Amino acid sequence: MSLLEVQDLSVVYEPSDAPVTHAVRDVSFTLERGEFVGLVGESGSGKSTLGFALTRLSKPPARISSGRILFDGADVAALEDEELRAQRRGGFAMVLQSGMNALNPVRTVGHHFDDVFAAHGHVPRERRAARARELVEKVELAPTVLGRYPGELSGGMRQRVSIALALALEPQLMVFDEPTTALDVLVQHAVMGTIRELQASEGFTALLISHDLGVVLESTSRVMVMHEGVVVEDAPSRDVLRDPQDDYTKMLLSHYGDPRAEVVELPGLAARGGELVTSSGTAAERSARGSGGSPGAGRRATAPVVVEGVSKVYPPPRRGAAPVTALDDVSMRLEPGQSLALVGASGSGKSTLAQLITGVVRPTAGTVSVGDVRVDRLRRRGLRELRRDVQMVFQDPYAALNPLHTVEYTLTRPVVNYTGRSRREARARVLELLDTVGLTPVEQFAAKLPHQLSGGQRQRVVIARALASDPQIIVADEPVSMLDVSLRAGVLALLEDLRAQHGVSMLYITHDLLSARVVTDHILVLHDGRVVERGETSQVLRFPQDPYTVELLDAVPQPSRAEGAA
Amino acid sequence: MTTPTTLPDPGGSESEHPAGAPDAAPPDLPTAAPPRWRVVTRGAGTVWANRKARLGLLVLAFFVLVAVLAPVIAPYGPTANDFARGAGPSAAHPFGTTAAGEDVLSQVVFGARISLLVGFVAGALSTLVAVLVGLSWGYVRGPLAEVVNFVTNLFLVIPGLPLMIVIAAYLQNSGLDMIIFVVVLTGWAWGARVLRSQTQSLRGRDFVTAAQFSGERSWRVVFREILPNMTSIIASSFFGAATAAIIAESGLSFLGLGDTTQVSWGTMLFWAQNSNALLTGQWVLLLAPGLCIALLATSLSLVNFGVDGLSNPRLREGSGR
């Protein structure tokens with residue numbers, strides 16, 4: 001008998017003040033004992049809703065409208081609350097995306113284990129301390145964490161603790177809902193490794209829910225792909241990789257690649273960097289080549305960004321702690337028309353460097369200049385002038401637009417502020433900008449509010465706003481990391497286009513080496529505030545010298561690696 | 001007006017666009033009304049949908065109606081004093097008469113005007129002060145913020161009623177404007193602090209940074225980008241301030257610090273106390289205005305329950321959490 005059997009399951013959201021949404025439609029599948037299955041889908045595909053329904057964690061307004069979930073032969077929906085609580089042990093457990101925030105900050109990690117053991121009484125009192133030690137060792141933590149408070153642990157450690165807590169219940173089925181999405185790339189890689197090993201050694205059945213097909217294919221033996229509430233593909237991982245059946249799966253797969261490959265190609269983005277070493281010529285030449293026949297409306301970039309010997313030290317977070325050094329003696333140069341990638345894991349100082357260049361923060365030591373302007377010495381008026389030339393594309397398109405302003409208002413402001421156009425001329429320029437970023441019909445998009453736009457469309461508006469002042473330099477801080485895989489290529493292609501057409505220089509900040517490979521010529525790898533490697537993107541990524549660069553490259557999810565694993 | 005950034009809908013608002021089609025336009029929402037009005041009507045709908053708030057609105061509407069239609073509803077003038085003195089309830093005087101020979105019902109009806117007037121005017125003014133102080137204080141950094149911090153804390157720690165009494169006694173101009181002035185002076189600090197902390201949290205949002213990158217000047221960032229996102233907090237701060245103002249007005253009048261010739265619920269209590277109404281068995285004289293003050297203040301607090309639901313969808317009733 002299968003461990004879990006889902007029959008024609010449908011889940012609807014029925015909020016009182018909005019139309020009904022069918023999140024999951026007629027989904028049927030089974031999980032065999034000991035299987036490791038992935039559930040992949042983009043935002044809004046219903047994958048988390050399904051996960052919550054399986055573990056009976058659905059809350060109103062979500063409701064199972066039809067179908068059955070049989071766990072070990074028993075109908076999950078029919079369980080009484082107390083039965084449900086009792087069967088959380090030896091039944092099904094769930095690890096959440098925000099699992100690291102699920103720990104009580106005023107109790108030690110050890111207390112959390114005690115609570116679990118006490119609630120279910122499945123471990124004799126005298127064995128509890130030993131069992132807790134055993135569990136944290138399974139998730140590769142030192143036993144000393146048991147005496148520490150959640151606030152003293154890093155995000156990755158807390159996520160490991162919550163996995164250990166779930167294991168404490170000795171579940172037959174573990175549902176991992178985006179267990180590593182909120183973590184840093186390197187930590188994500190390590191935690192996924194732990195989950196894989198645990199699954200193999202403990203032999204529980206696991207369902208891994210993720211938006212990242214690469215991560216899933218690397219770990220699981222079978223993959224289900226969900227799209228708009230329907231499971232469109234359900235096949236062994238190897239088959240999905242070699243011979244995907246559904247168009248949607250094929251589309252998802254096409255967005256993966258190996259940044260180390262000789263030629264990297266993503267849909268909508270031309271191959272780049274195949275040529276070796278010296279053939280690239282100067283950046284100015286390149287952008288001249290790229291611009292082709294259509295000269296952009298903007299000025300060509302003429303001012304290089306020069307950063308010399310910059311350090312940034314933040315005051316200690318707590319009394320008695322050491323000051324935090326975000327950047328340590330970093331120098332770099334961004335030539336006009338060039339695109340430079342700034343890569344590193346979180347905490348490497350890449351965002352601080354961006355803030356220094358845009359004048360948001362001042363360096364502790366060293367100089368930052370754009371053309372002949374010393375950015376580190378600018379005062380308020382000077383900063384306004386600087387931002388005519390240096391604009392920013394934000395990471396989170398959901399936070400970067402004021403929810404109460406229409407697209408037209410958002411775009412009109414910089415046009416009026418920087419170009420001094422009259423209202424009618426400004427409107428013409430706004431429509432032109434919308435056309436540039438591909439939001440057509442422009443009149444319709446101008447009137448929309450942010451919540452009426454998809455994530456990709458919002459990011460296009462953010463890019464249009466950055467273009468409004470005809471900047472010479474665009475600083476893009478992880479512009480696609482919040483977007484669904486299928487939307488990323490479009491936004492990247494747009495940025496690349498703008499650089500080629502308008503001749504702006506671009507500083508592209510990211511932890512995603514694959515995207516760095518396709519949109520930039522040069523790369524700077526930051527680690528703990530220091531530059532550990534720099535050079536041409538294709539060179540650095542194909543033949544990395546620094547161990548940290550190698551580590552970052554290894555952390556890139558690669559479906560193809562699944563072949564070895566599975 | 002809602003602040004959609006605060007919490008996502010439980011329904012998962014991301015699901016509004018099909019993820020598969022890159023950049024597919026989500027279905028057009030009806031665009032019959034201009035956005036601003038739609039937001040207002042939707043906000044009003046949310047408040048109305050809350051049972052407590054609906055009750056509060058009905059009670060409030062009742063008092064507003066009474067105040068507006070006072071000359072029609074009241075059987076006599078508020079200061080007509082040619083009736084039997086200190087009479088009990090009767091058909092001619094349902095609530096009886098005062099020791100000075102005035103009709104109690106008519107006084108209660110006319111008293112609503114003063115309470116509502118003071119409540120709304122003083123509430124609005126102190127909210128205005130709170131918005132101006134709170135937003136600028138939350139937005140700027142540096143020594144000026146420290147000064148404002150000191151002044152605000154000063155107003156917060158000084159006990160309100162004694163301060164009011166001292167100021168009212170000092171000013172000696174016992175008109176309504178004086179009462180409003182005193183209430184505003186003592187009532188803005190709390191709202192300013194709440195709005196300041198909200199401003200500080202919004203100040204770090206990307207869209208505020210983005211506005212700075214768009215070349216917006218500070219005042220425009222504060223009033224066009226940040227302020228609209230705090231509408232529900234400002235509304236709730238207004239209702240809170242209005243409640244406090246109504247109670248403060250009654251208190252000051254009861255202590256005889258207001259204009260004792262004006263007919264308000266507070267002065268009614270003052271005169272009732274002066275004439276020992278309880279000892280003479282005329283409890284209606286105390287009960288009627290007292291109950292009205294309590295009801296009006298309660299109604300405003302009830303409305304605030306609904307206003308809370310505007311900014312925090314989880315507080316909406318029937319959301320199942």
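**View 1. A nonpolar patch on the surface of chain B.** Val140(B), Leu144(B), Val147(B), Phe150(B), Val151(B), Leu154(B), Leu156(B), Val157(B), Ile158(B), Trp190(B) and Val194(B) make up this patch, and together they show about 990 Å² of accessible area (Shrake-Rupley, 1.4 Å probe, with only the protein chains shown as cover). To join such a patch, a residue needs over 30% relative accessible area and no salt bridge, and nonpolar side chains are linked within 5 Å; a salt bridge puts a Lys or Arg side-chain nitrogen within 4 Å of an Asp or Glu carboxyl oxygen. This is a predicted model, with local features needing pLDDT of at least 70 and side-chain atom pairs 80 or more, while totals for chains, interfaces and linings use all residues. Numbering runs from 1 along each chain, chains are lettered from A in written order, and side-chain values use heavy atoms.

View 2. Two or more residues each come from α5 (143-157) and α7 (176-203) of chain B (helices are DSSP H or I runs of at least four residues). The top contributor is α5(B), with seven. Val194(B) sits in α7 and is partly exposed at 34% relative accessible area (the class between 20% and 50%).

**View 3. The second largest pocket.** Its volume is about 1100 Å³. Of 25 lining residues, Arg380(A), Leu383(A), Arg387(A), Tyr139(B) and Gln212(B) lie closest to the centre. α12 (380-389) of chain A, plus α7 and α8 (206-213) of chain B, each supply at least two lining residues, with α12(A) giving the largest share, five. By class, the lining has nine nonpolar, six polar and 10 charged residues. A pocket here is an open set of 1 Å grid points where a 1.4 Å probe fits, with protein on both sides within 12 Å along at least five of seven lines, and lining residues have an atom within 4 Å of a point.

Note on methods: Patches are made of residues with over 30% relative accessible area and no salt bridge: like charges are joined within 9 Å, nonpolar side chains (Val, Leu, Ile, Met, Phe, Trp, Tyr) within 5 Å. Buried means under 20% relative accessible area, exposed over 50%, partly exposed in between (1.4 Å probe, protein chains only). Grid points are joined across faces, edges and corners, and a volume is the space filled by probe spheres set on the points. Ala, Val, Leu, Ile, Met, Phe, Trp, Tyr, Cys and Pro count as nonpolar, Asp, Glu, Lys and Arg as charged, and the others, Gly among them, as polar.
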